[in-house]
Amino acid sequence: MDQFDAVPIFKFSTVDYPERDRFHVWVKDNLCDCKFDDDGYGALDAEASGAALGPLIISGRRWRERPRPFTYSVYRTERRIRLDSQDSFRFTLLLGGRFFCRSMSPESVKLPGDLFFYDVAQINECTVEAGDVISIVVPRYLLPSHAALMHGHTLTSGVSRLLGDHLLSLFRNLSTLQQQEVPQIVQSTLLLMAAAVSPTVEAMREASEPIRSALLERIRHYIDVHLLERDLTPERICRDIGISRAKLYQYFEEEGGIMRQIRRRRLRHAYHMLADPQRQHVRIAEIAWAHGFPDEKYFYRLFKAEFGHTPKETVENRSDPVLLPGGIAVKNQWKGAASLAGWTLPFGVLNN
């Protein structure tokens with residue numbers, strides 16, 4: 001495979017199977033004995049997608065809307081552990097639904113936003129109230145041996161939150177990844193994982209660069225979400241992200257400062273609105289004001305300095321939508337779970 005090929009994305013959906021078989025095909029690679037009591041509220045309609053990133057398997061699962069959450073029980077027993085001899089860890093980021101874990105003492109409940117950790121070589125018993133999740137499987141030998149002590153725990157440290165942000169961003173951007181990027185992604189992800197399950201001084205030092213990158217990504221995402229809000233200030237970012245003002249300014253020093261970063265992102269957003277052929281009747285002054293530039297002449301000057309042409313020229317040269325700068329044509333592979341040697345969907349199970 002050429003090193004510049006896109007990372008293959010594999011997809012799986014229960015709608016490709018008869019309704020009576022959907023639960024079975026969904027859980028057949030779950031490494032657990034699963035029990036579902038039909039509640040009469042409709043078939044199991046769910047889909048999964050994922051990719052192999054070197055030794056890591058990342059996958060996401062999504063459930064179709066139904067009147068009641070789909071619920072089933074899973075049992076990872078000593079017998080199953082002996083039979084399949086799986087030897088990996090799994091990080092799971094819960095985006096919706098709930099997990100009721102009975103194998104822990106006391107019983108724990110995993111809620112949306114939680115990142116939790118499982119050792120597949122240990123007993124697990126829980127009830128799943130289905131919701132969207134992202135999980136990543138890592139071979140045991142790639143993490144410290146004491147990581148097994150975290151089995152069943154929700155990871156709550158600051159580094160763990162950054163790891164959760166990293167996994168969410170990684171999954172959302174799978175379609176843009178190229179093969180030559182995978183080794184660096186794997187290294188950064190493993191360092192974050194090691195720091196999350198063993199926040200020692202040494203682990204934190206080794207993970208300092210991935211932690212910095214993940215925090216920067218989190219700040220940029222926050223800016224994008226609140227981009228058009230008038231009170232988007234460094235003070236607000238520091239408060240909501242949980243970072244000192246000095247550290248925030250240090251992180252964006254090479255980019256001309258945090259306020260310049262906000263201004264550039266607002267200019268880019270304004271550019272896409274002005275260049276959008278679907279927005280035929282927007283006025284430049286209104287776009288400028290909405291993006292925090294009440295002085296139209298100042299907006300013109302900044303816009304031309306950033307893009308090399310004026311807002312008016314951007315409007316006049318509207319054309320049909322094209323790939324954004326840096327856009328990549330992606331080669332998705334719409335295949336079943338068995339089409340990729342070494343792992344399966346929907347649960348991203350490593351096959352020995």
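Ala214 counts as buried, at 6% relative accessibility; buried here means under 20% relative accessible area, exposed means over 50%, and partly exposed is in between (1.4 Å probe, protein chains only). Its place is in helix 6 (residues 208–225). Helices (H or I, at least four residues) and strands (E, at least two) are DSSP runs, numbered from the N terminus. Which residues does Ala214 contact, leaving aside its neighbours within four places in sequence? They are Leu162 and Leu192, where contact means heavy atoms within 4.5 Å.

## How to read the model

This is a predicted model, in which local features need pLDDT of at least 70 and side-chain atom pairs count only at pLDDT 80 or more, while totals for chains, interfaces and linings use all residues. Residues are numbered from 1 along each chain as its sequence is written, and side-chain values use heavy atoms, with hydrogens and water left out.

## The protein overall

You will find 12 helices and 13 strands in the protein. Of its 352 residues, 46% are buried. Among contacts with a separation of 6 or more, 73% join residues 24 or more positions apart.

The protein exposes about 18,600 Å², and carbon and sulfur atoms supply 51% of that area. Accessible areas come from the Shrake-Rupley method with a 1.4 Å probe; for residues, only the protein chains shown count as cover.

Helix 3 (residues 158–172) has 15 residues and reaches 21 Å from its first C-alpha to its last, close to the 21 Å expected at 1.5 Å a residue. The expected span is 1.5 Å times one less than the number of residues in the helix. Its buried residues include Leu162, the contact partner of Ala214, as well as Leu163, Leu167 and Leu170. His166 also lies in helix 3 and is buried, with a relative accessible area of 19%. Apart from neighbours within four places in sequence, His166 is in contact with Thr189 and Leu192.

Leu155 sits in the loop between strand 11 (133–139) and helix 3. Leu155 is buried too, with a relative accessible area of 6%. Setting aside neighbours within four places in sequence, its contacts are Phe91, Leu115, Phe116, Phe117, Met150, Ser160, Ala196 and Val197. One of these, Phe117, is 38 residues from Leu155 in sequence and 7.2 Å away in space, C-alpha to C-alpha.

## Helix 4

Helix 4 (residues 182–197) has 16 residues and spans 22 Å from its first C-alpha to its last, close to the 22 Å expected at 1.5 Å a residue. Among its buried residues are Thr189 and Leu192, both in contact with His166, and Ala196 and Val197, both in contact with Leu155.

Val182 is found in helix 4 and is buried, with a relative accessible area of 8%. Not counting residues up to four places away in sequence, Val182 touches Val7, Leu53 and Gly54. Val182 and Gly54 are 128 residues apart in sequence and 6.7 Å apart in space, C-alpha to C-alpha.

Is Phe252 buried or exposed? Phe252 is buried, with a relative accessible area of 0%, and is found in the loop between helix 8 (245–251) and helix 9. Beyond its neighbours within four places in sequence, Phe252 is in contact with Leu216, Ile219, Arg220, Gly257, Ile258 and Gln261. Leu216 is 36 residues from Phe252 along the chain, and their C-alpha atoms are separated by 8.7 Å.

The axes of helix 9 (residues 258–275) and helix 11 (residues 296–307) come within 11 Å and cross at roughly 90°. Axes are lines fitted to C-alpha atoms, for helices over the stretch in contact, and angles run from 0 to 180 degrees between N-to-C directions. Helix 9 is therefore roughly perpendicular to helix 11; angles under 35 degrees count as roughly parallel, over 145 as roughly antiparallel, 65 to 115 as roughly perpendicular and the rest as oblique. The contact includes Leu267 and Tyr271 of helix 9 and Phe299 and Phe303 of helix 11.

## A positive phi at Leu31

Leu31 lies in the loop between helix 1 (22–27) and strand 2 (33–35). Its phi is near 65°, a positive value in a residue other than glycine. Most residues other than glycine have a negative phi. Leu31 is buried, with a relative accessible area of 10%.
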